[in-house]
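Hi,

Here is the structure I promised to pass on. Have a look at it first, and my notes on what turned up follow below.

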Amino acid sequence: MKKRILTGDRPTGKLHIGHYFGSLRNRVKYQKEYDTFIIIADVQALTDNFKTPRKVRENVKEVAIDNLAVGIDPQRSTIFIQSLIPEIAELTIFYSNLVTIARLERNPTVKDEFKQKKEVFQDKITYGFLGYPVSQAADITVFDADLVPVGDDQLPQVEQTQEIVGKFNRIYGKVLVKPEAAIDEFPRVRGLDGRSKMSKSLDNAIYLGDEAEEIQAKVAKALTDKNKIKIDDKGNPDDCTVFYYHQIFEAENLAQIRKQCQTGVRGCVNCKKELANNIIQRLAPIREKRKYYEKNPKVVEDILRNGTQRAKKVAQETLARVKKSMFLDYFK
Ligand code: ATP
Ligand code: MG
């Protein structure tokens with residue numbers, strides 16, 4: 001049997017180039033080798049978007065389209081909607097006995113995200129948001145995933161999953177598979193504003209479906225070395241978001257760009273134009289494929305329906321095994 005992967009996205013917005021280089025590109029590669037499950041985590045999205053359920057609903061389709069547009073093949077990969085697999089919620093309840101509140105409060109990603117979401121939580125964390133790593137452990141283990149490809153913000157969640165699996169297996173027998181995280185070459189792509197993470201919640205992203213003019217406008221505003229104001233000022237490319245993206249998008253003349261910036265013979269305006277053109281070209285096939293799926297919502301719906309059906313079957317099998325190990329298999 002092929003080894004399994006569980007990975008996925010929260011339907012909180014369209015996916016961007018951070019997702020592409022941090023996760024999606026690898027997914028496309030992995031799907032040839034692994035039995036891949038891609039979760040559209042609507043239940044998890046609601047933990048910090050419970051006031052805006054319509055937004056979550058609308059983005060389920062968008063996130064599915066983004067995955068398909070970058071080359072996820074529904075014949076190889078199973079794309080499914082989390083809330084339609086209630087087995088995940090059941091597992092979450094069982095796992096919640098194995099995790100202390102103190103342990104959840106130490107999770108650095110949850111801490112960071114909580115700080116960013118003051119307007120949602122008004123400084124008081126909910127049970128659901130604090131506990132979302134437990135639900136993520138259920139997402140991963142319900143499919144017996146061996147590998148979890150993620151950006152580095154998700155490493156604490158995989159670690160939490162490993163702890164839960166260890167504890168569960170010690171108490172109830174060897175029932176669950178312990179997963180490993182897989183990190184891509186760019187585990188945390190920076191935002192256009194220079195912030196440490198490009199994020200759909202921070203409005204600092206270039207989306208996979210952005211049109212040429214949007215890309216040009218966004219790149220034009222990207223943060224550059226603040227000490228380089230005129231063309232002939234010597235710049236520091238390592239302190240420039242534009243150069244950082246030149247690296248990610250593998251500009252052909254990378255060494256030359258660095259040298260010209262450092263010696264003050266390259267202006268930021270042109271440098272940004274070059275970058276925008278490269279991004280526009282690289283994203284063109286994705287944008288085209290995206291348009292096809294946008295125009296054919298029925299195709300997307302069928303892929304989600306079939307994927308969810310398959311995921312549900314696997315989840316039911318795992319739940320039966322889990323319940324048996326916990327003596328919850330009544331009325332055989
Ligand atoms: P939200 O702000 O709603 O949490 P997000 O942009 O963090 O959205 P998620 O759906 O939470 O996106 O994450 C999906 C996957 O993409 C995860 O594996 C995450 O680690 C990865 N990822 C998200 N942003 C980046 C980034 N800037 N660089 C690399 N990987 C990323
Ligand atoms: Mg996130």
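Bear in mind that this is a predicted model. I'll begin with the second largest pocket, which holds about 490 Å³ of space. Its lining is made up of 23 residues, and nearest the centre you'll find Thr92, Tyr127, Gly128, Gly131 and Ser135. If you want to find your way around by secondary structure, the elements that each give two or more residues to this lining are α2 (42-49), α4 (86-96), α5 (101-105), α8 (127-130) and α9. Of these, α4 provides the largest share, with six residues.

Now for the largest pocket, where the space comes to about 940 Å³. Here 46 residues form the lining, and His19, Glu113, Asp153, Gln154 and Lys197 are the closest to the centre. Two or more lining residues come from each of β1 (4-9), α1 (17-30), α6 (108-116), α9 (132-141), β4 (147-150) and α10 (155-172).

On to the domains. The chain is divided in two: domain 1 covers 4-190 + 297-325, and domain 2 covers 212-290. Their C-alpha centres are 33 Å apart. Where they touch, domain 1 puts in 15 residues and domain 2 eleven.

How much area do the two domains bury between them? The figure is about 1200 Å², with 61% of it on carbon and sulfur atoms. On the domain 1 side, three residues stand out: Ile17, Ala69 and Arg190 supply 45% of the area that domain 1 buries against domain 2, more than any other three residues.

There are charged contacts to look at too. Two salt bridges are found across the interface of domain 1 and domain 2.

Cheers

Conventions: Residues numbered from 1 in each chain as written. Chains lettered and ligands numbered in written order. Predicted model: local features only at pLDDT ≥ 70, side-chain atom pairs only at ≥ 80, totals over all residues. Heavy atoms only, no water. 1 Å grid on protein atoms, 1.4 Å probe; cavity = no way out; pocket = protein on both sides within 12 Å on 5 of 7 lines; lining within 4 Å. Points joined across faces, edges and corners; volume = space filled by probe spheres on them. Helix = DSSP H or I, 4+ residues; strand = E, 2+ residues; numbered from the N terminus. Domains from an automatic or database assignment. Contact = heavy atoms within 4.5 Å. Buried area = accessible area lost by both parts, 1.4 Å probe. Salt bridge = Lys/Arg side-chain N within 4 Å of Asp/Glu carboxyl O.
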